[in-house]
Amino acid sequence: MTTASTTARALPDEAYRRISWVLRIGVTAAAVLLSAALVDFVLRHPGESFSTFLNENPIRGYLSLRGLAYGIQQGHSQALLTLGILVLVATPLARVATGWYYLQRNGDRPLARVALVVLALLLIGILVLGPLLA
Amino acid sequence: MDLVGILLLLLLVGIGAGLLGSLSGLGGGVVIVPILVVGFQVPLVDAIGASAVSVLATSTTTGAVYVRDRLADVRIGMFLEIATVPGALVGVTSTLLLAKVGLTSALLVGLGVVLLLTVPGGLRRPPESEPPQPADARSRRLDLRGSYYDARTHQELPYQAGRTTPALLTMFGAGTVSGMFGIGSGVLKVLALERFLGLPPKVATATSNFMIGVTVAASVGVLLLAGYVNPVLAAPVALGTVAGSLVGSQALPRISDRRLAILFVAVIAILGVELILRGVGVV
């Protein structure tokens with residue numbers, strides 16, 4: 001098997017295992033949420049046409065924290081669909097944060113700083129550009 | 001057709017794209033946007049949102065395996081994300097601004113051209129190792145090196161990343177294309193990792209896949225908060241693509257026939273031409 005590893009600054013096995021675990025947990029949670037919410041959504045909208053939901057994005061009301069929290073509380077499938085996508089987007093961000101932690105712990109400060117910049121770019125880019133371009 | 005029928009069709013589209021995408025090595029995302037636009041009359045930006053979600057789900061799934069098996073070079077991947085993430089943000093912003101000023105036709109032509117440029121990559125034979133590149137000062141300073149086990153020689157072979165500046169520039173371009181069109185841009189990423197950094201092909205492929213998740217997360221996040229990710233459209237395609245790519249990657253070692261890859265490349269070329277013709281108003 002091919003493995004990319006073992007240099008003076010190579011991350012320990014634990015870092016690889018934990019990063020892989022973060023990715024697997026995130027994508028599994030997102031897949032479960034999206035599948036369940038999609039089935040629930042279809043069951044609640046029998047006989048509706050696809051174009052209705054294509055013309056009017058059903059999650060528009062759930063893109064704020066308050067809207068999402070209310071929707072989840074009420075068990076709205078649209079809120080759970082939104083949550084599923086959010087978990088999917090958050091998974092790589094959690095992976096960068098995990099990578100940063102292990103780089104920092106490994107004394108790899110230059111690359112830890114790079115990871116922090118990437119995380120900041122992701123958060124600022126998404127939270128500023130998204131609403132700005134809505 | 002009613003909602004259930006369309007959702008099942010979208011699931012099948014995802015499975016087909018994921019299967020053929022993993023068998024050809026090009027990824028399924030590259031055909032999702034044109035199929036949704038041409039076959040389902042989905043508005044372009046919504047199709048890009050759905051495709052980006054599929055690419056995010058697929059690359060996260062496969063990335064987890066590559067990291068677990070230590071095939072992906074996590075340090076080099078995280079270093080290069082400093083270029084792909086801004087690229088993706090620039091790309092997705094450009095797409096949304098072009099769509100807002102009614103230049104969707106330019107985007108269609110652009111995506112058509114990107115699809116046609118993908119064709120040579122799909123027809124390329126599995127690469128031999130690129131010659132090692134001399135490491136530049138940045139690579140030495142950051143200690144961007146690793147090693148891999150070569151199954152042919154049964155030896156642990158070291159490598160050191162070579163020319164980081166052209167690699168970073170190419171990664172920025174790959175991120176921009178990815179953000180603009182909701183695709184993974186794996187072909188460009190692998191090119192930079194092999195040609196400029198001199199990474200072995202398997203390490204390059206795994207590291208590229210590892211990076212795609214973070215790159216696409218930037219554009220999906222922006223598209224989601226801007227209201228262009230419609231989960232009723234994106235969820236079945238994404239679930240199908242993940243399932244198709246998992247089956248494809250399991251079947252890959254048993255399939256040596258290149259005809260499937262050539263078929264997929266032909267589909268990409270036809271869709272590329274169709275998009276260009278739509279963009280210029282011929283269709």
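This is a predicted model: local features need pLDDT of at least 70, side-chain atom pairs count only at pLDDT 80 or more; totals for chains, interfaces and linings use all residues.
Chain A is built from five helices and contains zero strands. Its elements, read along the sequence, follow the pattern α-α-α-α-α. The radius of gyration of this chain is 19 Å, well over the 14 Å given by the globule rule for 134 residues, so chain A is more spread out than a compact globule. Along the principal axes, the C-alpha atoms of chain A fill a box of roughly 60 × 35 × 25 Å.

When contacts in chain A between residues at least 6 apart in sequence are considered, 61% are found to join residues at least 24 apart.

The charged side chains of chain A comprise 11 positive and 6 negative groups, and a distance of 11 Å separates the centres of the two sets.

In chain B, Thr176(B) lies in helix 7, which spans residues 164-181. The relative accessible area of Thr176(B) is 15%; because this value falls under the 20% cut-off, the residue is classed as buried. Apart from its neighbours within four places in sequence, Thr176(B) is in contact with Gly87(B), Ala88(B), Val90(B) and Gly91(B).

Key. Residues are numbered from 1 along each chain as its sequence is written. Chains are lettered from A and ligands numbered from 1 in the order in which they are written. Side-chain values use heavy atoms; hydrogens and water are left out. Helices (H or I, at least four residues) and strands (E, at least two) are DSSP runs, numbered from the N terminus. Buried means under 20% relative accessible area, exposed over 50%, partly exposed in between (1.4 Å probe, protein chains only). Contact means heavy atoms within 4.5 Å. The radius of gyration is taken over C-alpha atoms; the globule rule is 2.2 Å times the number of residues to the power 0.38. Lys and Arg count as positive and Asp and Glu as negative; His and the chain ends are not counted. The place of a charge is taken as NZ of Lys, CZ of Arg, CG of Asp or CD of Glu.
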